[in-house]
Amino acid sequence: MERLPYYQVLHLLSLAVLSAHTFMAFANPAPENRKRTMMITGIAALLMLVSGFAMLSLNKIPLMSTGWVWVKLVCWLGLSGLAGIAYRRPHLRGVLSTIALVLVATALVMVYFRPF
Ligand code: HEM
């Protein structure tokens, strides 16, 4: 049985959910939505990480010697924390959304071009 496509779907689906709810937090950082957003983005971030490591293992990609994976890990870490910051510092939403876009773009360039 080919397991890779399941992890690919999980990885991309959780990326979509994480990004969507992060940008929803930027658009409306109302305190009453905070708990729900933190729960959804937390679960999505976890699923993204787990599916990422599952694909590393299935594709036999060695973590230690693969620069693009480390860069993706940093992007993932940054993206995962942005929604929480938006609730605490709502005036920074403009900057935060630019940062989110740059982090996602960097992670995409890493996986599709694999410069190092
Ligand atoms: C913001 C962060 C991230 C974004 C935007 C992202 C995006 C993507 C995309 C678009 C793919 C291509 C899916 C496909 O066609 O197979 C992919 C694959 C992959 N990602 Fe991520 N990802 C992120 C974080 C991570 C993290 C943290 C890890 C490691 C734990 C990871 C590991 C992988 C692996 C191993 C693949 C499969 C590469 C291959 O085909 O050999 N990703 N990611």
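Reader: What percentage of the contacts with a separation of 6 or more comes from residues 24 or more positions apart?

Author: This is a predicted model, in which local features need pLDDT of at least 70, side-chain atom pairs count only at pLDDT 80 or more, and totals for chains, interfaces and linings use all residues. Residues are numbered from 1 along each chain as its sequence is written. Two residues are in contact if their C-beta atoms, placed from the backbone, lie within 7 Å; among contacts with a separation of 6 or more, the share from residues 24 or more positions apart is 77%.

Reader: Which pattern does the protein follow along the sequence?

Author: Helices (DSSP runs of H or I, at least four residues) number 4, while strands (runs of E, at least two) number 0. Read along the sequence, the pattern is therefore written with helices, numbered from the N terminus, as α-α-α-α.

Reader: How are α1 and α4 oriented, roughly parallel or roughly antiparallel?

Author: The axes of α1 (residues 4-27) and α4 (residues 93-113), being lines fitted to C-alpha atoms over the stretch in contact, come within 10 Å and cross at roughly 165°, on a scale from 0 to 180 degrees between N-to-C directions. Angles under 35 degrees count as roughly parallel and those over 145 as the opposite case, so α1 and α4 are roughly antiparallel.

Reader: Which residues of α4 does α1 meet?

Author: On the α1 side, the residues involved are Ser19, Thr22, Phe23 and Phe26. Their partners in α4 are Arg93, Leu96, Ser97, Ala100 and Val104.

Note on methods:
Angles under 35 degrees count as roughly parallel, over 145 as roughly antiparallel, 65 to 115 as roughly perpendicular and the rest as oblique.
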